[in-house]
Amino acid sequence: MKLKQNLTKSLFASSAAFTLLALGIVTGFIVVNGIHVIDWEFLFSLPKDSGSDGGIFPMILSTVYLILITGAISIPVGVGSAVYISQYTSNEKIINLVRFISQVLSSVPSIVFGLFGLAFLVFFLKMGWSIFVAGIVLSLMAIPTIFQVSEVTFQTIPEIYKEGCYAMGASKWQTITTVLLPIAIPGILTGIILAITRAISEAAAVMYVVGSSLDIPISIFDTGRPLPLHLYVLASEGISMSNAYGTATVLIIIVLSITLISNITVNHYQKRIMGCLN
Amino acid sequence: MNLRRYSKKKGFLKLIRKEYLIEKGFFTLAMVMIATVLLMFAFVVIESLPAFGHSGFFNFLVGLRWSPDMNIFGIFPMIVGSILTTAISLIIAVPMSVSCAIYLEEMAPAKLKDYFKPVIQTLAGIPSVIYGFFGLTLIAPIIRNIFGGSGFSILTASVVLALMILPTIISLSQDAIKSVPNQFREASFGLGSTQWQCIKYIILPTALPGIITAVILGMGRAVGETLAVLMLAGNVSVIPSSLASPIRTLTSNIALEMGYATGIHYSALFATGVILFMVIMVLMIVSTLCSK
């Protein structure tokens, strides 16, 4: 009996260890191979010979632009819809419709967003290929995540805070800005970080709308090539494996550091908020 | 009438108007999302109509040949490709991730659990193209050595897809297992069950709807994944003869040819998108039915 118990336990433990090991190998393998490629010159110089030599500065810049554009569009729409659904309307039909639509939107494969971006934004609206168009496409992908996480966060705020605020004569807008949003910010921030990191790791949705040029994008209306797309091109066309490892490592470091820093900030803020409330 | 008298005195009307405008503003934001989905859906469907008209919906679906230069469009091999890669990746990933979730929630020391939760969530954020690159440099050569051929095959793509969806399924199944009330465990142990019996008869059945949702979400990710599969599956549009033969999926079909397609060919890629969308919708409906 005891033996069987121990056997079960070690079986599960080894399967968990194997799973985590496999995931560790993926990141470890790439970082170990790529870390020696990275130096200041790699980070801050232009690519040469279509990326087989030189650095990745334009790609880093494109990715930074994409973070800003995606944030600027998807945060207001995502959080705003969540505020409307959780605070303003009690119409079940609208609530269910918006929830259903956000579910549909979040389950659409990224390449379909790319198709839509190319056919509608680039060709139909004649906006041409640019980082801005790619930003719009990525925002569409980010909105449902931000909406869903924000809505859940608003729902977990106890009614009593809202009622207390109304009782002191505050208007709805004042209640939202002074009471609800500050409490909800850690949750909303988690959703935003999740959505943005997914957006900047996305290559399929942007590959046909961003223009994929190797020049430095001066403004957001220029063509560019974000890091994941650069990695894809380098690796699949076999241009340069060492630069591909370098690009992959930079991408992993960016994504991991955004996640890590935001987790720490959110935890810190949450503790402070909870300290005030108790 | 009363309202109007107050309003003159205190600028009350101004306040009401401001609140009204704010409400309408939020309403507009919520409608933006709905409008986008409708627009996207309409646009993709309209663009796909010429291709469906050219080949006929049924022939498009079950046609075995895809030769754009001869205007023959059949996507059956790609449907098979998408289903096969997804199914094999689930066969690999589900047992691993569910047992990992059970270990972390039910057996692991509390410290280990606290430590691994953020690690797994972080791993879920690793870009899919990184997984593709990993498969290209490490998995494909291994498969090539074992099975021969080019190394770009169903098996390669499935193994990498499995790795990719592991964190998603682990973290969601963990939530499902955590939400099983503690009394259930206590009652089960009180009746003298072993830990394995408790897991098998109490925890798994109770957490099953949550675990199914987790699996379906992982499945959705696997079906919709484009670049990792594009880099690894070999992209030949034929019905495969073995697990080591190359294959093309619906997503990679779009990504491969979008760059240069024109006319009916261009439209056929949108039609592929429509089919892909339908597959995903079916999965979503099944998952809603399962979790009820």
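Tutor: Start with I111(A), which lies in helix α5 (residues 110–124) of chain A. The model is predicted, so keep the cut-off for "buried" in mind: under 20% relative accessible area. I111(A) is buried because its relative accessible area is 2%.

Now look at what surrounds this residue. For a sense of distance, take A16(A). A16(A) and I111(A) are 95 residues apart in sequence. In space, their C-alpha atoms are 33 Å apart.

Those contacts lead to the interface. The contact takes 73 residues from chain A and 67 residues from chain B. The area buried between the two chains is about 6,600 Å². Carbon and sulfur atoms give 86% of that area. Helix α2 (residues 12–55) of chain B gives the most to the side of chain B that touches chain A, with 19 residues. The residues on that side divide into 51 nonpolar, 12 polar and four charged. Between chain B and chain A, five residue pairs are in polar contact, with both residues at pLDDT 80 or more. Across this interface the rule finds zero salt bridges.

The structure does hold four salt bridges over all chains. One of them joins E151(A) and R99(A), with the closest N and O atoms 2.7 Å apart. This pair links distant parts of the chain. E151(A) sits in helix α6 (residues 131–156) of chain A, and R99(A) sits in helix α4 (residues 92–107) of chain A. E151(A) is buried, because its relative accessible area is 6%. R99(A) has 32%, so R99(A) is partly exposed.

Turn to chain B. R185(B) forms a salt bridge with E106(B), the closest N and O atoms being 2.8 Å apart. This pair also spans distant parts of its chain, 79 residues apart. Both R185(B) and E106(B) are buried. R248(B) and E257(B) meet in a salt bridge too, at 3.0 Å from N to O. R248(B) is buried at 10% relative accessible area, and E257(B) is buried at 5%.

Last, confidence. The model scores ipTM 0.87 and pTM 0.87. Chain B has a mean pLDDT of 86. Among the elements of chain B, helix α1 (residues 2–10) has the lowest mean pLDDT, 53.

Notes. Residues are numbered from 1 along each chain as its sequence is written. Chains are lettered from A and ligands numbered from 1 in the order in which they are written. This is a predicted model: local features need pLDDT of at least 70, side-chain atom pairs count only at pLDDT 80 or more; totals for chains, interfaces and linings use all residues. Side-chain values use heavy atoms; hydrogens and water are left out. pLDDT is the predictor's confidence in each residue, from 0 to 100. Helices (H or I, at least four residues) and strands (E, at least two) are DSSP runs, numbered from the N terminus. Contact means heavy atoms within 4.5 Å. Buried area is the accessible area (1.4 Å probe) that two parts lose on being put together, summed over both. A salt bridge is a side-chain nitrogen of Lys or Arg within 4 Å of a carboxyl oxygen of Asp or Glu. A polar contact is a pair of N or O atoms within 3.5 Å; within protein, one must be able to donate a hydrogen and the other to accept it, and residues adjacent in sequence count only if both atoms are side-chain atoms. Ala, Val, Leu, Ile, Met, Phe, Trp, Tyr, Cys and Pro count as nonpolar, Asp, Glu, Lys and Arg as charged, and the others, Gly among them, as polar. Buried means under 20% relative accessible area, exposed over 50%, partly exposed in between (1.4 Å probe, protein chains only).
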